[in-house]
Amino acid sequence: MTATRQFDSGRLALVLLAPVVSEKGTYIADKHSQVIFKVMPNATKPEVKAAVEAMFKVEVKSVQIANVGGKVKRFGRFTGRRRGWKKAYVCLMPGQEINFAAEK
């Protein structure tokens, strides 16, 4: 039984919000064959794995998730806080890759 059968396909389509494209993201992609995604705040590791495998047709080795806290920002004398978010480091099996430039 594959991992995508135990999750709702509508939910899997919403789990991945966006790829994180940064210098650190490209370094990790080259060195460790991992891809970083911004994911929903209530997403779990098995959901992220199933979503990546379903959307990009690749095999996922493992998933690490990190909560990123929002930064404190000032506007004049008023202080506020940006919203926190969750990111997932998706480690791909050897020989697998996701090329975002070739996608739609």
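Me: What do the buried residues of H3 pack against?
Reply: This is a predicted model. In it, the buried residues of H3 pack against helix H1 (9–15), strand E1 (16–19), E2, strand E3 (60–68) and E6.

Me: Which residues of H3 are buried?
Reply: They are Glu47, Val48, Ala50, Ala51, Val52 and Phe56.

Me: And how many residues does H3 have?
Reply: H3 has twelve residues and covers positions 45–56. From its first C-alpha to its last it reaches 16 Å, close to the 16 Å expected at 1.5 Å a residue.

Me: Back to Glu47. Why does Glu47 count as buried?
Reply: Glu47 counts as buried because its relative accessibility is 9%, and the cut-off for buried is under 20%.

Me: What does Glu47 touch?
Reply: Leaving out residues up to four places away in sequence, Glu47 touches Phe7, Arg11, Leu12, Val15 and Asn42.

Me: What comes just after H3?
Reply: Lys57, which takes a positive phi of about 55°. Lys57 is a residue other than glycine, and it is found in the loop between H3 and E3.

Me: Is Lys57 buried or exposed?
Reply: Lys57 is exposed, with a relative accessible area of 69%.

Me: Ser33 next. What is its phi?
Reply: Ser33 has a positive phi of about 50°, although Ser33 is not a glycine.

Me: Where is Ser33 found?
Reply: Ser33 sits in the loop between H2 and E2. Its relative accessible area is 29%, so Ser33 is partly exposed.

Me: Then Gln34. Where does that one lie?
Reply: Gln34 lies in strand E2, which covers residues 34–39.

Me: Buried or exposed?
Reply: Gln34 is buried, because its relative accessible area is 14%.

Me: What is Gln34 in contact with?
Reply: Setting aside neighbours within four places in sequence, Gln34 is in contact with Ile28, Ala29, Gln64, Tyr89, Val90 and Cys91. With Gln64 there is also a polar contact, side chain to side chain, at 3.4 Å.

Me: What is the lining of the largest pocket like by class?
Reply: The lining has nine nonpolar, five polar and two charged residues.

Me: One more residue, Asn99. Where does Asn99 lie?
Reply: Asn99 lies in the segment after strand E6 (85–92). Asn99 is partly exposed, with a relative accessible area of 39%.

Me: How far apart are Asn99 and Phe56?
Reply: Asn99 and Phe56 are 43 residues apart in sequence, and in space they are 9.3 Å apart, C-alpha to C-alpha.

Notes. Residues numbered from 1 in each chain as written. Predicted model: local features only at pLDDT ≥ 70, side-chain atom pairs only at ≥ 80, totals over all residues. Heavy atoms only, no water. Helix = DSSP H or I, 4+ residues; strand = E, 2+ residues; numbered from the N terminus. Buried < 20%, exposed > 50% of the residue type's maximum accessible area, 1.4 Å probe, protein only. Polar contact = N/O pair within 3.5 Å; in protein donor to acceptor, adjacent residues only side chain to side chain. Contact = heavy atoms within 4.5 Å. Nonpolar A, V, L, I, M, F, W, Y, C, P; charged D, E, K, R; others polar. Expected span 1.5 Å × (residues − 1).
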